[in-house]
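Me: Please set out the grounds on which the terms applied to this structure rest.

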Amino acid sequence: MQNNQVCGEYLFLTEEDDAKKTYVDLISKTAADIAASIDSTKAYVGLSPQELKEKIQVGQILPERGKGLESVSGLLSEKILPYFLRTPSTDYMAHLHGPSLLETLAGELVLSTFNQSMDSWDQSPVATEIEVEVINTLCQLYGYGAGSDGVFTSGGSQSNLMGLMLARDWFCNTKLNYDVKKLGLPENYRKFRIYTSAISHFSMEKGSHLLGLGYDAVVKVPVDRRQKMDMDAFRKLVEQDVAQGNIPFCAVATIGTTDYGSIDDVVEMHKICQEHGMWLHADAAYGSGVIMSLGYKDRIGPLHLCDSITVDFHKMFLMPISCGAYLVKDGKNFETLTLHADYLNREEDEEDGYTNLVGKSMQTTRRFDALKVWLSFQTRGQDGWSQIISTCIQNATHLYNAISSSQRFEAVTEPEISSVVFRVLPAEGKAASNEEIDELNKKVRRALIHQEGVVIGQTVFDGKVYLKFTLLNPRITYEKLDGMLDLIQSLADRV
């Protein structure tokens with residue numbers, strides 16, 4: 001084996017001229033092939049699962065002899081690229097998973113090429129310093145002051161787990177004078193209670209399980225007709241638990257529910273949490289992007305009242321998966337995650353000014369995702385970001401108004417962010433049961449995917465099947481949305 005080659009193929013990008021040329025040629029060809037594969041406005045080519053399984057077959061995934069870069073590059077173009085879901089398409093509006101801004105794609109190439117690991121300074125010098133700067137900016141953006149801190153995460157679920165974990169340890173340390181980090185869960189842990197909306201993200205239950213508290217520790221608070229947490233019900237449930245000897249320690253405000261984008265009342269939740277000595281966490285994985293809109297940012301409320309905030313950049317912020325952050329009002333609470341190791345984050349280095357971010361992260365090895373945020377903030381600025389986010393919110397309002405003015409559609413609630421949940425009804429005069437209307441909406445969604453290359457969402461409200469538009473793409477126009485409603489109505493008359 002030569003120094004930087006196996007079977008005649010270069011292993012890595014190094015200082016060697018030929019290795020650099022191979023890298024540039026490979027990346028350039030791949031970029032050209034990706035661009036060429038996007039040859040229509042459709043979000044998906046329409047293949048069924050079985051058809052797709054047949055198309056991607058290559059024989060052996062691990063052949064006896066390597067095929068080489070050129071051959072495999074051809075296989076990528078033939079077997080993979082044509083069948084990707086095209087998130088930049090205006091025909092894609094299914095989930096909180098959108099297109100990626102061009103500058104963040106360049107960022108992905110940079111961070112993947114250099115492969116920094118964010119646990120210690122000596123593995124990621126400039127990456128560490130950039131993440132610190134970006135976290136400071138985010139804390140200021142969401143209204144946190146001196147002493148606040150944060151860290152990048154894999155996304156909303158990990159950030160929410162951190163929120164629950166720091167809340168638990170803070171409560172035990174400050175209210176019970178008990179050190180969970182050293183001693184494990186206290187004897188009365190079965191009485192611990194977390195309060196969250198009945199339609200909050202399932203990471204609340206998963207997080208409670210992972211923390212050893214179990215699903216039963218999560219109290220699901222009913223929502224009102226706007227799909228927001230009912231504040232009277234929240235207060236009553238807390239008081240009821242206190243009367244029964246249970247221990248409320250944390251509440252979670254959902255700032256943009258997954259289906260409806262509904263926003264819980266942070267001000268009222270903060271009051272109740274203060275009265276009962278509880279930590280307030282904001283799950284703003286969806287709604288965190290609204291802060292960038294000059295016209296709509298007040299909709300998410302004063303998030304600085306919360307003790308911690310989940311921010312997600314691979315949703316409204318239009319960045320490649322994965323990219324999230326967890327912010328905390330008092331950075332001292334990260335102590336619950338700090339553990340020094342001689343081989344990684346030595347105390348002597350930190351005393352000399354070397355920042356080792358592993359001390360405030362649940363992960364050890366971690367990507368330099370802050371680069372994508374740094375690039376996009378620099379590229380778009382406040383004005384560009386306001387235009388992007390405002391357009392998405394306005395599109396949702398237009399769609400809701402169009403649905404509300406039609407006899408063929410039925411919406412759940414007026415959107416606060418960029419999601420609209422609705423269902424199509426049978427033609428006027430055509431009677432149908434709820435079960436038949438459910439089947440109609442299911443068939444319409446499948447027809448959109450496999451006949452039209454259009455991908456939208458599906459959910460359940462009040463036991464009935466509904467469709468969902470999640471409008472994260474600012475290229476979508478009012479005309480496009482009106483045309484989509486016409487198409488859905490036409491399909492409903494045919495399926």
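Predicted model: local features only at pLDDT ≥ 70, side-chain atom pairs only at ≥ 80, totals over all residues.

Reply: Residues are numbered from 1 along each chain as its sequence is written, and side-chain values use heavy atoms, with hydrogens and water left out.

Me: Why is D91 called buried?

Reply: Buried means under 20% relative accessible area, with over 50% called exposed and the range in between partly exposed (1.4 Å probe, protein chains only). D91 has a relative accessible area of 6%, so the residue is buried.

Me: What makes the link between D91 and K480 a polar contact?

Reply: The term requires a pair of N or O atoms within 3.5 Å; within protein, one must be able to donate a hydrogen and the other to accept it, and residues adjacent in sequence count only if both atoms are side-chain atoms. The side chains of D91 and K480 are joined at 2.4 Å.

Me: How do you know that C250 is in no disulfide?

Reply: A disulfide is a pair of cysteine sulfur atoms within 2.5 Å. The structure holds zero disulfides. For C250, the nearest cysteine sulfur, that of C273, is 7.4 Å away. C250 counts as buried because its relative accessibility is 0%.

Me: What of C323, and which cysteine sulfur is closest to that of C323?

Reply: The closest is in C139, at 15 Å, and is therefore too far for a bond. C323 is also at 0% relative accessibility, so this cysteine counts as buried.

Me: Why is the pair of F192 and F249 called tilted?

Reply: Rings of Phe, Tyr and Trp (its six-membered ring) pair if their centres lie within 6.5 Å; planes under 30 degrees apart count as stacked, over 60 as edge-to-face and the rest as tilted. A search of the whole structure finds 17 aromatic pairs. In that of F192 and F249, the centres are 5.5 Å apart and the planes make 50°, so the pair is tilted. Both F192 and F249 are buried.

Me: What makes β13 and β14 a pair of strands?

Reply: Strands (E, at least two residues) and helices (H or I, at least four) are DSSP runs, numbered from the N terminus. Two strands pair if DSSP finds at least two bridges between them. Strand β13 (residues 455–461) and strand β14 (residues 464–470) have five bridges in the antiparallel sense, so they pair. The bridge partner of T459 is Y466, in β14.
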